[in-house]
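Let us go through this model by question and answer. Have the sequence and the structure at hand.

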Amino acid sequence: MMRCSVILPAAGRGSRFVASGAAASSKIEFELEGRAVFLRSIDLFRGRPEVEQIILAVDPTRFDEFVFRWGEALAFLNVDVVRGGTKERWETVAEALKHVHEDATHVAVHDAARPATATVMIDRVFASAEACDAVIPGLPVADTLKRVDAEAGAGDGQAVDRVDDILGLKRGDADRALVADGGPLGQVCLGHVLETVLREGLVAVQTPQVFRAEPFRAAYEDHRALAGVTDDASLLERRGVAVTVVEGDPGNLKLTRAADAEILSALLRYRDAEAKQADAVNDLFGDDDDE
């Protein structure tokens, strides 16, 4: 029987979320349909037979404040709250890993800002993890992908001049400075296309990602490989561990900007309505098998 510890990294500052107009100072505490984002993410794993531990790793600079606000509720939910990292995501996972039960056979990592993951997708990932060392959900890339020169949108004078050329604008030094400092043009210009990337065989990766505990711990002990890591599975890939991709969930959106909250709220309302309808049908016809 799988004994899985689930890590929910939640130590990020959510600067893009706040900057995009969200009222909440903390992305994970933002309320979606009356419930905080991180609580909805916790709900995804509560009651699952494979899950014996849930760890929420939060911003260490706000740890005491967070525990004061949410500690009682999280204790009731049997969730371990720990201090995460200060800069990179991998630091938060590494800190949480120190608290994983010794007898855990697997470790799952799920973004605390993905509160609407479909249960059927989580079922798929966990079922595959019974037989595989590492399992991640992914969706085939549908959009055309282009690699851009990211430095072309801001920075030195040459980059600003190139932005002017593209937009057909003639600007003075003051206007160029606004672009270089991240003014309106600096925000909308992402750079110049270097090449079109073939999308065949490419997938957009989601969470939860589930790993056998032993190779996952070993990967995180190799500190030289951790720098710049944004995806836990890549650590296993570098060590030659086969990573299996299963079908993801189009509704498994990550809350990054304020506009994402509107989409997630609509999705949650739709799923709640579906669940209520299914319950009503069961109440109406549920006793037929006993007749």
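**Accessibility, contacts and a helix face**

Arginine 46 has a relative accessible area of 40%, so this residue is partly exposed (buried is under 20%, exposed over 50%, partly exposed in between; 1.4 Å probe, protein chains only). This is a predicted model: local features need pLDDT of at least 70, side-chain atom pairs count only at pLDDT 80 or more, and totals for chains, interfaces and linings use all residues. Residues are numbered from 1 along each chain as its sequence is written, and side-chain values use heavy atoms, with hydrogens and water left out.

Q: Which residues is arginine 46 in contact with, leaving aside neighbours within four places in sequence?
A: Contact means heavy atoms within 4.5 Å. Arginine 46 lies in the loop between α2 (37–43) and β4 (51–58). With those neighbours set aside, its contacts are Ile54 and Leu77.

Q: Is aspartate 249 buried or exposed?
A: Aspartate 249 sits in the loop between β12 (244–247) and α11 (258–285). Its relative accessibility is 8%, so aspartate 249 counts as buried.

Q: Which side chain joins that of aspartate 249 in a polar contact of 3.4 Å?
A: A polar contact is a pair of N or O atoms within 3.5 Å; within protein, one must be able to donate a hydrogen and the other to accept it, and residues adjacent in sequence count only if both atoms are side-chain atoms. At 3.4 Å, the partner is arginine 271.

Q: Which residues of helix α5 (119–129) are buried?
A: Helices (H or I, at least four residues) are DSSP runs, numbered from the N terminus. On the other side of α5, Thr119, Val120 and Ala127 are exposed. The buried ones are Met121, Ile122, Val125, Phe126 and Ala129.

Definitions and conventions. Helices (H or I, at least four residues) and strands (E, at least two) are DSSP runs, numbered from the N terminus.
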